[in-house]
Amino acid sequence: YRNDSQGLAVLAESVQADTQIFLDSCRMLKERGELSLENIRDCSLEVSSGEAIGAEDIEAITSIWQERYEDKYSPALLQELRTQLESALKSPYSRFYLYRKSGEVVSFVRFDDLAASGDASRTHMASFMTNPKFEGGTLGRALLEVALRDEQARGVAIYGECDPELAAMYKGFGFEIRESRMDDGIPTLVIELAPHASETLRKAA
C-alpha cells in the first residue's frame with residue numbers, strides 16, 4: 001500500500017465485510033432452524049470457571065464490560081460492579097460461557113453460584129453482554145439459549161437483573177419479572193427463570 005492509512009482502510013473494510021458475512025450466515029441458519037454455536041465456521045463455545053480464564057480472555061471480557069457500563073452508572077456503583085467482576089474472574093463458583101469468532105470473544109454470559117453463601121436453590125445470571133462489533137445478529141441470543149439450557153440442567157432457578165426495555169426478550173426465554181426497582185437511579189427489573197421452564201426456553205430462539 002502507498003501508506004499506512006490506506007492499508008488500515010483496506011483492513012477495516014475486510015474486517016467489516018467478514019463480520020457481516022458471519023452475521024448473515026447466522027440469520028440464514030436461524031431461518032432454517034439449523035443455528036447452533038458449533039456449526040458456524042471458525043466459531044467456538046467455551047465454558048470455564050472464573051479462576052481458569054486466561055489473561056487474554058480476562059482482558060476481552062473486561063473491555064466489553066467497560067464499554068457497556070462506563071456511561072451507565074455512577075463512579076461509585078461502577079467501581080462496585082468492577083470489583084464484583086474481578087472477584088468472579090478469580091472464583092471457582094463463577095462460570096463464564098464464551099462464544100468466539102476466529103478467536104475473538106463475541107459474547108459472554110456469567111453465572112455465579114450462590115451455594116457458598118447458603119442459597120443452593122438459585123444461580124445468579126450476573127452478566128450477558130455482546131461485543132458491540134457483533135451487534136445486530138442472532139449470536140448473543142444463540143449463546144444465551146445454550147447457556148440457559150446448560151444452567152437449567154443443574155436443576156436450580158436462574159435469576160438476574162435487566163433494563164425494562166429487555167423485558168420482552170427475557171420473557172421470551174421464560175423469565176418472569178419478580179421485582180421492579182431503581183439501581184443508582186436507573187430503572188431495573190429482577191427476573192427469574194424457574195427450573196421447569198424448559199418448554200418456553202425451547203421456543204424462545
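Colleague: What makes the pairing of the N131 side chain with the E104 side chain a polar contact?

Modeller: The distance is 3.5 Å, and a polar contact is a pair of N or O atoms within 3.5 Å, where, within protein, one must be able to donate a hydrogen and the other to accept it (residues adjacent in sequence count only if both atoms are side-chain atoms). The N131 side chain also reaches the backbone oxygen of V105, at 3.3 Å. This is a predicted model, in which local features need pLDDT of at least 70 and side-chain atom pairs count only at pLDDT 80 or more, while totals for chains, interfaces and linings use all residues. Residues are numbered from 1 along each chain as its sequence is written, and side-chain values use heavy atoms, with hydrogens and water left out.

Colleague: Why is N131 called buried?

Modeller: Its relative accessible area is 12%, and buried means under 20% (exposed is over 50%, partly exposed in between; 1.4 Å probe, protein chains only), so N131 qualifies as buried. N131 is found in the loop between β4 and α4.

Colleague: What does N131 touch, leaving out residues up to four places away in sequence?

Modeller: I64, R68, E104, V105 and V106. Contact here means heavy atoms within 4.5 Å.

Colleague: Which other strand pairs with β3, and over how many bridges?

Modeller: β4, residues 122–130, in the antiparallel sense over 7 bridges. D113 stands opposite T123 in β4. β3 is mostly covered, with 8 of its 10 residues buried.

Colleague: Where is the turn with D184?

Modeller: In the hairpin of β6 and β7, which has 2 residues between the strands; D184 has a positive phi of about 55 degrees. β6 (residues 176–183) and β7 pair in the antiparallel sense over 7 bridges, and D183 stands opposite I186 in β7.

Colleague: What makes a group of residues a nonpolar core?

Modeller: The members must be buried Ala, Val, Leu, Ile, Met, Phe, Trp, Tyr or Cys residues joined through side-chain atoms within 4.5 Å. The largest one has 21 residues, of which V109, F111, M125, L148 and F175 touch the most other members. α4 gives the most to this core, with 4 residues. Another core lies apart from it and has 18 residues, among them W65, L77, L85 and V105. In soluble globular proteins, nonpolar side chains tend to be buried together.

Colleague: How do you know which elements to trust in the prediction?

Modeller: pLDDT is the predictor's confidence in each residue, from 0 to 100. The mean is lowest in α6 (residues 198–204), at 53, and highest in β5, at 96. Over the chain the average is 81, and 74% of the residues score at least 70. Where pLDDT is low, the predicted coordinates should not be read in detail.

Methods. Pairing = 2+ DSSP bridges.
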